[in-house]
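Open the model in your viewer and show the side chains.

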Amino acid sequence: NKKFTDIFPGHSSMDQDLARTLVDSAVNGVSKDFELYLEPLGKHYHIKVFSKRKDFFTVLLYDISKQLKIIEIAKRFLENLDIDVDYDEINDQMRALSGARYSVFNLFDDDGLDFTTKAISGDRKVLEKVFGYFGYSIIGKRWHYDPVRAKKIKSNRITVFNRLRDLTGDVINETIIESLESMYQIGQVAVVKIMNKHRMIGDFTLIMTKGESLQRPTIIELFASQTGLFLERKKSDEKLRKT
């Protein structure tokens, strides 16, 4: 019982096709699914329109902006095979998609055991302070195989830990980790695997603010999969260039 302008002030008209669909649904009981960019909301939606009662209609809107972003990123991956991998850009995209406070991009050796931290995304001032706690920059650091960590993340593509120390175990001094958790209000930590078939290529470690949880796990897993395909395609392309 509201006008369109009551819901979207300042917008006196709506897409004519959408308007006709709503009327058709209310009068004739027609159901329809379609995709549309709604300018007042600034997002792309999958829209489902149906009617359960004469002269009334129901509209369900599903935000698909993130899915379209994944498609855009996949296209950019394929277009950038001839340039160096920008780990910082990939990591920034993962942090934006997941809603994480910080994202860490680790790349594994060919044997899937030892790994190197390639990028960290988040507040640079805070990260510099964190590096001060460790006494070195984590970016570029090579970490030796940790069977405890490997066992913890073995079963799932995405493994969520309630605390950072539950992931780091004895690899990093527990006192330092507890201080960081308290000082910077660190909550959940998720490890998202980057796989090629059954081989570990790398992972994203996503650190959430206390009280917040991981967003859009399906989108995150899809992005990690696209990243894995890109890295493997990039490696194969480089091998071909050398032969």
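The stops below follow salt bridges through the chain.

This is a predicted model: local features need pLDDT of at least 70, side-chain atom pairs count only at pLDDT 80 or more, and totals for chains, interfaces and linings use all residues. Residues are numbered from 1 along each chain as its sequence is written, and side-chain values use heavy atoms, leaving out hydrogens and water.

Side chains of opposite charge can pair when their charged atoms come close. Here a salt bridge means a side-chain nitrogen of Lys or Arg within 4 Å of a carboxyl oxygen of Asp or Glu. The count is eight.

**Stop 1.** Select Lys43 and Asp63. Their closest N and O atoms are 3.5 Å apart. Lys43 sits in strand E2 and Asp63 in strand E3, so the pair ties together parts 20 residues apart in sequence. (Strands, E, are DSSP runs of at least two residues, and helices, H or I, of at least four, numbered from the N terminus.) Lys43 is partly exposed at 36% relative accessibility. Asp63 is partly exposed too, at 35%. (Buried is under 20% relative accessible area, exposed over 50%, partly exposed in between, with a 1.4 Å probe and protein chains only.)

**Stop 2.** Now select Arg142 and Asp114. Their salt bridge spans 3.4 Å, N to O. Arg142 is in strand E6, and Asp114 is in the loop between strands E4 and E5. Is Asp114 buried or exposed? Asp114 is buried, at 14%.

**Stop 3.** Go to Glu232 and Arg199. They meet at 3.0 Å, N to O. Glu232 lies in helix H9 and Arg199 in strand E9, so the bridge joins parts 33 residues apart in sequence. Glu232 is buried at 17%, while Arg199 is partly exposed at 27%.

**Last stop.** Select Asp109, Asp114 and Arg142. Salt bridges with shared partners join them into one network.
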